[in-house]
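Trainee: I have a new model open and I'd like to learn how to read it. Could you walk me through it?

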Amino acid sequence: MSPPGPTSPDDRAIPEGRAGEQGRPELSRLRSRLESLGARARRSPRYQWWVLWVALSGLLATNLLFTVFVVALPEVSRSLHASVGAITWVVTGPLLAYGVVAPLVGKAGDLFGHRRLFMIGIMTETVAAALSALAPNAGVLIAARVLAGMVGASIGAASMALVLSVFDKSDRVKALGFWSLVGAGGPVIGVAVGGPVIQLFGWRWMFFLQVPLLLIAAALAIAVLPERAAGRRHLKWDELDLDWAGAASIAACVASFLLALTFLPNFGWSSPLVLGLVGFSVVSGIAFRAAERRASEPIFPLAYLHNRNFVFPIAAQSTANFAYLGAFFLTPLLLEESFGYLHNQSAVGFLSLPRPIVFSTIAPFAGYLAVRVGERTLAVVGTSAVVLSMGVFALAGHSTGLALVEFALFLSGMGLGVASPSLSSTVSNQFAPEDLGTAAASQQLMNQVGTVAGIQVMETVYEAALRGRHGPGALLHAFHLAYLVGGAVALVGVVAAAMSRSTERNLAPSFDAVEALDVTEHQPLVRPAAGQALPDNALPDRSLPHRPLPDQPIEAR
């Protein structure tokens, strides 16, 4: 099936009429400005880049607090008079909720519209942020953050599907480079801004400040996002044969597996609870496969499991995230316990910044480079750099100082920043237009599983290696062993990346991302239908770069 081109003007969001002009003048002016912005975006031949920036505004508003809230846990614990163990569910709960609902919200977007799901997610996230800011006790805060994790999955899946639907297959890797920039750069901004906010005003103000960012993203979405993203099936509730068995079994499979990983550091590998949860996850996975074979509208079409450009790149994504995020949480402990920064949290945060900064900086360039050298090449180079970074971590010690730690952080950020756009694009290009929400959700789910597995397994290896041993030498040995485990898992990702295939593409240049924000706009290109000549008064604008037409398929090898 050929990919859709940029969404046509008839399919784009058209703001409702000026009902209620007698209302407040401020609202009338705001409506007028949003209509003007939406009209400008719809006239632009670079409309797909407008959609990207708006989708990323919603993503940025939701992921700002990912890392900074971990730092705030001790203060939250004191403020709400709760134990640190109970408050850690403020972080763990959203991770579990995110993984459980990801497949469901991806399918919901395919059936009911990605724009609708995006808007519902943004507004619900606003409610969750307000509840978090006003939470009177730990129970309310945990419930609010779990809700935020659920709607975060919907925003992530819907926004990626919207972006994929308006970009040609050959250009998706460029857009996903900017996607990676926001995904890695958002938490960096959160740390830079959130730290001083917590210190000066308290942790509740993080959520108060998140609310206006979410409202701005919602306003931009109303004005700019396409009303009907490519592939939407326009189904009504009475026309659906929902796959309830598949939805329940995949939720049980993911939830039990993530819970087993969560309990692993405290209970160990041989715990009946951990083994029971893993066994239940396997049984639920078998039930899911059986349910999908019977379903008329499956949560995940099983045919994609036979596509090498789905299976291998998504495996590479998951294993690379295993090492990257496992080291992300382990490295601050290394700096605190082995390098003397135990009582200097600000220094630890500063020393850890090279990894996400390098990741977010290099990802957009990697997206453009992939067009020239191919996704497989960059995927192999990037995942190899992640493996190398784990080896460098394992060599760091007192005799090397911080130099090797910082170099390893640089390699880790560079590796995943180079690999992520190519791997994500390769996976997305295998899906039909009506399954783009499923494409986004499946990547979110596997990345989440890799993330949680990396954090918990590497922490468990570290604690097991340290048990019963004392002294600086034993401490470094435990860290080194955990990093080597991460490197071994990431090495599987290198092999998987090498088994993927690059996307065939037309190498003609396409519109640059920054041009989408240029004040100089052109009218959309006029192109003839297949076998049809242009009218005499509608000549193509040859001053603009050529883009492949929707009837020119670009298929993966």
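Mentor: Start with contacts, meaning heavy atoms within 4.5 Å. In this chain, residues 24 or more positions apart account for 82% of the contacts with a separation of 6 or more. Keep in mind that this is a predicted model: local features need pLDDT of at least 70, side-chain atom pairs count only at pLDDT 80 or more, and totals for chains, interfaces and linings use all residues. Residues are numbered from 1 along each chain as its sequence is written, and side-chain values use heavy atoms, with hydrogens and water left out.

Trainee: What is the mean pLDDT of the chain?

Mentor: pLDDT is the predictor's confidence in each residue, from 0 to 100. Here the chain's mean is 79, with 80% of residues at 70 or more. Over residues 1-23, though, pLDDT is below 50, and it stays under 50 over residues 507-557. Where pLDDT is low, the predicted coordinates should not be read in detail.

Trainee: How many helices and strands are there?

Mentor: Both are DSSP runs numbered from the N terminus: helices are H or I, at least four residues, and strands are E, at least two. This chain has 18 helices and zero strands.

Trainee: Which residues of α1 are buried?

Mentor: Buried means under 20% relative accessible area (1.4 Å probe, protein chains only). In α1 (residues 25-43), that covers S28, L34, E35, G38, A41 and R42. Seen down the axis of α1, they fall within an arc of 155° (taken from the directions from the helix axis to the C-beta atoms), so they line one face of the helix. They pack against α2 (47-63) and α9 (204-224).

Conventions: Expected span 1.5 Å × (residues − 1). Buried < 20%, exposed > 50% of the residue type's maximum accessible area, 1.4 Å probe, protein only.
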